Amino acid sequence: MYQIDSVDRELLRILQGGLPVCSHPYAEIADRLGISEDEVLRRIAVLKDSHIIRRLTGLFDSKSLGYTS
C-alpha cells in the first residue's frame, strides 16, 4: 500500500477544495506546494493508481449556469 506523505496530504486537501479555475491549474497547485508541475501530475497519477483518488471531475451548479431540466 502506498504511504502518503505531507505533500500528498496537502495536494489532496487542495484537490478536495477544487482545482483552480485558470489556464494552468496544476502549475498553480505546484507553486502552492513548492514542487514542479510534473511532480504534481506524477503524484496524482500515483494516488490514482493506488486508489486513493478515484477520479477528478468537475462539479458545476447547473442552476447557477442557467440550465434547467
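Q: Is Arg13 buried or exposed, and what makes it count as that?
A: This is a predicted model, in which local features need pLDDT of at least 70 and side-chain atom pairs count only at pLDDT 80 or more, while totals for chains, interfaces and linings use all residues. Residues are numbered from 1 along each chain as its sequence is written, and side-chain values use heavy atoms, with hydrogens and water left out. Buried means under 20% relative accessible area, exposed means over 50%, and partly exposed lies in between (1.4 Å probe, protein chains only). Arg13 has 51% relative accessibility, so Arg13 counts as exposed.

Q: Why is the pairing of Arg13 with Glu10 called a salt bridge?
A: A salt bridge needs a side-chain nitrogen of Lys or Arg within 4 Å of a carboxyl oxygen of Asp or Glu. The N to O distance between the side chains of Arg13 and Glu10 is 2.5 Å, so the pair qualifies. Side chains of opposite charge can pair when their charged atoms come close. Six salt bridges are present in the structure.

Q: How are Arg13 and Glu10 placed in helix H1?
A: Helices are DSSP runs (H or I, at least four residues), numbered from the N terminus, and strands are runs of E of at least two. H1 covers residues 6-17; Arg13 and Glu10 are three residues apart in H1, which means a separation of about one helical turn. Glu10 is partly exposed, at a relative accessible area of 30%.

Q: Which salt bridges does Glu39 make with Arg42 and Arg43, and what are the distances?
A: The side chains of Arg42 and Glu39 meet at 2.8 Å, N to O. For Arg43 and Glu39, the closest N and O atoms are 3.0 Å apart. Salt bridges that share partners join Asp5, Asp8, Glu39, Arg42 and Arg43 into one network. In helix H3 (residues 37-49), Arg42 and Glu39 are three residues apart, whereas Arg43 and Glu39 are four residues apart, about one turn of the helix.

Q: What does the side chain of Arg43 do with the side chain of Asp5, and which residues is Arg43 in contact with?
A: The two side chains make a polar contact at 3.0 Å. A polar contact is a pair of N or O atoms within 3.5 Å; within protein, one must be able to donate a hydrogen and the other to accept it, and residues adjacent in sequence count only if both atoms are side-chain atoms. Contact means heavy atoms within 4.5 Å. Leaving aside neighbours within four places in sequence, Arg43 is in contact with Asp5, Val7, Asp8, Leu11 and Ile35.

Q: How do you know that the length of H1 agrees with that of a helix?
A: The expected span is 1.5 Å times one less than the number of residues. The 12 residues of H1 should therefore span 16 Å, and the end C-alpha atoms are 17 Å apart, which agrees.

Q: Why can the buried residues of H1 be said to line one face?
A: Asp8, Leu11, Ile14 and Leu15 are buried in H1. Seen down the axis of H1, the buried residues fall within an arc of 125 degrees, so they line one face of the helix. The arc is that of the directions from the helix axis to the C-beta atoms. H2 and H3 are among what covers these buried residues. The face turned away from the buried side carries the exposed residues Ser6, Arg9, Arg13, Gln16 and Gly17.

Q: What makes up the largest nonpolar core?
A: A nonpolar core is a set of buried Ala, Val, Leu, Ile, Met, Phe, Trp, Tyr and Cys residues joined through side-chain atoms within 4.5 Å. The largest one has 10 residues: Leu11, Ile14, Leu15, Ile29, Ala30, Leu33, Val40, Ile44, Leu47 and Ile53. H1, helix H2 (25-33) and H3 each give two or more residues to this core.

Q: What is phi of His51, and is His51 buried or exposed?
A: Phi of His51 is near 65 degrees, a positive value in a residue other than glycine. Most residues other than glycine have a negative phi. His51 has a relative accessible area of 69%, which is over 50%, so His51 is exposed.
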